[in-house]
Amino acid sequence: MGKILRLVLLYDIHDVHRFPSVQDVVSSCRLVKCARESAGKRYGTSGTKIGNAHLKWAFSEAAVLCLRDHPAAQKYLARLEKKHDKGKALTILAQKLARAVYHMLTRKVAFDPETFFQR
């Protein structure tokens with residue numbers, strides 16, 4: 001990641017401890033679809049504008065930059081593209097990066113590509 005992208009992530013996440021769990025980070029980054037349901041019945045998705053648009057952009061850019069520098073990321077994306085289309089596969093990679101950033105910030109450890117791209 002570049003310097004600007006890292007600063008955007010740190011500025012928009014601000015304090016990682018305000019998120020109780022990793023799912024809250026991914027949801028706040030607009031990387032999941034919101035379910036519209038009532039009385040236990042699901043009626044599709046809604047709320048595409050819920051969350052932080054800057055974080056969505058930053059993690060999407062980080063996914064593309066990760067593909068540029070890591071052959072393991074390209075293999076992982078190829079596996080995802082067999083099951084999903086290309087756009088969904090990139091979103092899944094961005095979700096995985098968001099989870100990794102959350103764990104890096106809470107545990108105060110550096111990024112490890114070998115651990116990240118294991119199954």
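**The pocket and its surroundings**

Modeller: In this predicted model, 18 residues line the largest pocket, and those nearest its centre are Met 1, Arg 6, Val 101, Met 104 and Phe 111. The most comes from α5, which gives five residues. By type, the lining of the largest pocket divides into 15 nonpolar residues, one polar and two charged. The volume of the largest pocket is about 410 Å³.

Take α1 next. Its buried residues are Leu 5, Leu 9, Asp 12 and Ile 13. Viewed down the axis of α1, these buried residues fall within an arc of 95 degrees, so they line one face of the helix. The buried residues of α1 pack against α3 and α5. On the other side of α1, the exposed residues are Lys 3, Ile 4, Leu 10 and Tyr 11.

After α1 comes His 14, with a positive phi near 60 degrees. As a general point, most residues other than glycine have a negative phi. Arg 18 is in the loop between α1 and α2. Its relative accessible area is 48%, so Arg 18 counts as partly exposed. Leaving out residues up to four places away in sequence, Arg 18 touches Asp 12 and Ile 13, and both of these are among the buried residues of α1.

Ile 13 also belongs to the largest nonpolar core, which has 32 residues. Together with Leu 31, Phe 59, Leu 93, Leu 97 and Phe 117, Ile 13 touches the most other members of that core. At least two residues of this core come from each of α1, α2, α3, α4 (71-83) and α5. Here too α5 gives the most, with nine residues. In general, nonpolar side chains in soluble globular proteins tend to be buried together. As an example of the packing, Leu 93 is in contact with Ala 63, Leu 67, Tyr 76, Leu 80, Phe 116 and Phe 117, leaving aside its neighbours within four places in sequence.

Gln 95 lies in helix α5, and with a relative accessible area of 17% Gln 95 is buried, because the cut-off for buried is under 20%. Apart from residues up to four places away in sequence, Gln 95 touches Val 26, Leu 31 and Val 32. Ser 28, in helix α2 (residues 22-28), has 18% relative accessibility and so counts as buried. With residues up to four places away in sequence left out, Ser 28 touches Phe 19, Gly 51 and Asn 52.

Two loop residues complete the picture. Arg 30 is in the loop between α2 and β1 (34-38), and its phi is positive, near 60 degrees. Lys 108 is in the loop between α5 and α6 (113-116), and the phi of Lys 108 is also positive, near 60 degrees. With a relative accessible area of 69%, Lys 108 is exposed.

Terms used. Residues numbered from 1 in each chain as written. Predicted model: local features only at pLDDT ≥ 70, side-chain atom pairs only at ≥ 80, totals over all residues. Heavy atoms only, no water. 1 Å grid on protein atoms, 1.4 Å probe; cavity = no way out; pocket = protein on both sides within 12 Å on 5 of 7 lines; lining within 4 Å. Points joined across faces, edges and corners; volume = space filled by probe spheres on them. Helix = DSSP H or I, 4+ residues; strand = E, 2+ residues; numbered from the N terminus. Nonpolar A, V, L, I, M, F, W, Y, C, P; charged D, E, K, R; others polar. Buried < 20%, exposed > 50% of the residue type's maximum accessible area, 1.4 Å probe, protein only. Contact = heavy atoms within 4.5 Å. Core = buried A, V, L, I, M, F, W, Y, C linked by side-chain atoms within 4.5 Å. Arc of directions from axis to C-beta.
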